[in-house]
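Have the model open while you read, and find each piece as it comes up.

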Amino acid sequence: MDRLDEIAAFVAVADARSFTHGARKLDVSSAQVSKLVARLENRLKARLLNRTTRDVSLTDVGRAYLDRARELLEGFEALEGSVRDQSGPSGLLKVSAPMSFGANQLTPALLDFAAMCTSVQLDVVFSDRMVNLVEEGFDVAVRIGHLSDSSLVARKLAAVRMVTCASPEYLARVGTPTDLAALSNLEAILDTNARDPTVWRFLHNGEPHDVRVHGRLRFAGADACVAAARAGFGVTRSPAFAAAEDLRAGRLVPLFCHYEPELIHVHAVYPHARHLAAKVRGFVDFLAERYAGEPEWHQGWGSKHPAMAG
């Protein structure tokens, strides 16, 4: 077991490129991780890691050893998991998800999953920060929009419309815009989680059409933007799941439905593993079934309002 601890410490440090982050992943001290890696190198009579004050990198020998070491750890985990999994998903499942989607949609699903899988412990972090699953020890993440990390396995769960909307009171005060260009003259409520919050992209005659907007209110999150729009401060662009309840109740009115941009998607992502743990497989399958078909956040409001396309 001591040798397995040494190998696990080496893999954690190599993946994180840091003794500190590797130790955090294993929930041990940096000194303990350093001692385990040094003991492994001494036993192998080979240097596996280059150490500087700012970085940790693999030597050629370390790079070759890492692949085999990872296979060994995965095999050992699969061996233990095959016994544990006979009685269904179990163990600690660490999940990351965006703040707004977590609050609006994922929390009820998590509670239902917890009620169904009583042997699974949930550790859930809602944050709009893009976490590193491997370095930070997450088993699975829910992500929305374009996926840039090709090292992860991704499973598409659901589609999301991006809805431009405002309150009836605001539209009565300033007038309902009749074309996309009119948005430039309205007060926009900006979500700073977007790559460029001041540029809203639409599809016009099948072609992308960018409109530059401006406004004095900026929030890092869809929920706050929707709340400001509901209060009559201006027009906002929101994922449908954040605005659906207000749209159904008529507190917000959708604009330019015919010009909406391409759908974005909700994905479950998790690191590659030769043997996927039952807790991860069970959770991802549960979400896929939960969000199958037309998403709830697209229902119950489209027919309540005229499609305002300009």
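1. Start with the right-handed β-α-β unit made by strand 3, helix 5 (residues 99-116) and strand 4. Right-handed here means that, with the strands pointing away from you, the path from the first strand over the helix to the second runs clockwise. Helices (H or I, at least four residues) and strands (E, at least two) are DSSP runs, numbered from the N terminus.

2. A quick word on the source: this is a predicted model, where local features need pLDDT of at least 70, side-chain atom pairs count only at pLDDT 80 or more, and totals for chains, interfaces and linings use all residues. Residues are numbered from 1 along each chain as its sequence is written, and side-chain values use heavy atoms, leaving out hydrogens and water.

3. Back to strand 3 (residues 91-97): it pairs with strand 4 (residues 120-126) in the parallel sense, over seven bridges. Pairing just needs DSSP to find at least two bridges between two strands. Look for Val95, which sits opposite Val124 in strand 4.

4. Which strands run parallel to strand 8? Strand 11 (residues 214-219) does, joined to strand 8 by four bridges, and so does strand 12 (residues 235-239), with two bridges. Ile189 has Leu217 as its bridge partner in strand 11 and stands opposite Thr236 in strand 12.
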